[in-house]
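Here are my notes on this model, point by point. Please read them with the structure open.

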Amino acid sequence: MVSGVTVKDVSAHAFVRAYAAHLKKTGNLPVPAWTEYAKTGAFKELSPNDPDWFYTRCASIARHIYLRGNVGVGALTKLHGGRYRRGSRPSIHADGAGGVARRALQALEKIGILEKDKNGGRKISSVGQRTLDRISIRVAKESSPVADQE
């Protein structure tokens with residue numbers, strides 16, 4: 001039994017994958033209809049290949065807000081930004097789509113994972129912290145070398 005494991009103790013990639021699968025399986029997360037056609041930033045040429053990219057983005061945002069509190073849309077657009085290639089000129093940083101970040105925050109807030117902070121931005125709720133810790137315990141059990149021997 002792995003106890004006392006938090007989101008900080010497991011691999012970020014494994015946690016985001018597991019939490020995205022959890023969000024999709026529960027079916028509580030309201031996914032906007034436009035996600036099939038949307039790009040995730042102005043610097044992108046195409047929309048994401050994964051049809052379930054919104055679940056992955058929401059899981060990534062929930063993990064980021066778990067690790068740092070008081071995160072708003074602006075911080076998330078910087079986080080999910082990327083390199084804007086300008087041909088022969090040097091590349092520059094471009095922010096991600098603000099609408100995607102805003103809708104992901106609203107969706108996570110609707111299911112009770114996040115709540116608005118009095119100082120601005122969003123923070124993790126007690127229900128959200130419990131849920132994310134439960135997922136991280138499951139990820140730790142799956143990746144544990146002791147589990148492979150049993």
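1. **L23.** L23 sits in helix α1; helices here are DSSP runs of H or I with at least four residues, strands are runs of E with at least two, and both are numbered from the N terminus. L23 is buried, with a relative accessible area of 2%. Buried means under 20% relative accessible area, exposed means over 50%, and partly exposed falls in between (1.4 Å probe, protein chains only). Setting aside neighbours within four places in sequence, L23 is in contact with N28, L29, Y55, C58, A59 and I111; contact means heavy atoms within 4.5 Å. L23 and A59 are 36 residues apart along the chain, and their C-alpha atoms are separated by 7.9 Å.

2. **Basis of the model.** This is a predicted model, in which local features need pLDDT of at least 70, side-chain atom pairs count only at pLDDT 80 or more, and totals for chains, interfaces and linings use all residues. Residues are numbered from 1 along each chain as its sequence is written, and side-chain values use heavy atoms, with hydrogens and water left out.

3. **Overall layout.** The protein has six helices and four strands. Along the sequence they follow the pattern α-α-α-β-β-α-β-β-α-α. The C-alpha trace spans about 55 × 40 × 30 Å along its principal axes. Of the 150 residues, 37% are buried. Take the contacts between residues at least 6 apart in sequence: 61% of them join residues at least 24 apart. The protein exposes about 9100 Å², and carbon and sulfur atoms supply 48% of that. Accessible areas come from the Shrake-Rupley method with a 1.4 Å probe; for residues, only the protein chains shown count as cover.

4. **Helix α2.** This helix is mostly covered, with 11 of its 15 residues buried. The buried set is W53, F54, Y55, R57, C58, A59, I61, A62, H64, I65 and Y66. What do these buried residues pack against? Their partners are α1, α3, α4 (98-110), β3 (114-116), β4 and α5. The length checks out too: at 1.5 Å a residue, the 15 residues of α2 should span 21 Å, and the end C-alpha atoms are 21 Å apart. The expected span is 1.5 Å times one less than the number of residues.

5. **R57.** Leaving out neighbours within four places in sequence, R57 is in contact with T40, H80 and V100. Its C-alpha atom is 14 Å from that of A14, which lies 43 residues away along the chain.

6. **T35.** T35 lies in the loop between α1 and α2. T35 is buried, at 11% relative accessible area. Beyond neighbours within four places in sequence, T35 is in contact with W53 and F54. Both W53 and F54 are among the buried residues of α2.

7. R68 lies in the loop between α2 and α3. At 53% relative accessibility, R68 counts as exposed. R68 and K123 are 55 residues apart in sequence and 8.1 Å apart in space, C-alpha to C-alpha. N70 is in the loop between α2 and α3 (73-79). N70 is partly exposed, with a relative accessible area of 43%. N70 has a positive phi of about 55° although it is not a glycine. Most residues other than glycine have a negative phi.

8. **Helix α5.** The buried residues of α5 are G128, T131, L132, D133, I135, S136, V139 and A140. These pack against α1 (12-26), α2 and β4 (122-124). The 18 residues of α5 should span 26 Å at 1.5 Å a residue, and the end C-alpha atoms are 26 Å apart, which agrees.

9. **The α2–α5 packing.** Helix α2 (residues 53-67) and helix α5 (residues 126-143) pack at an angle of about 110°, with their axes 11 Å apart. Axes are lines fitted to C-alpha atoms, for helices over the stretch in contact, and angles run from 0 to 180 degrees between N-to-C directions. The two helices, α2 and α5, are therefore roughly perpendicular to each other, a term that covers 65 to 115 degrees. From α2, the contact uses A62, R63 and Y66; from α5, it uses Q129, L132 and D133. By class, the contact of α2 with α5 has three nonpolar, one polar and two charged residues. Ala, Val, Leu, Ile, Met, Phe, Trp, Tyr, Cys and Pro count as nonpolar, Asp, Glu, Lys and Arg as charged, and the others, Gly among them, as polar.

Key. Parallel < 35°, antiparallel > 145°, perpendicular 65-115°, else oblique.
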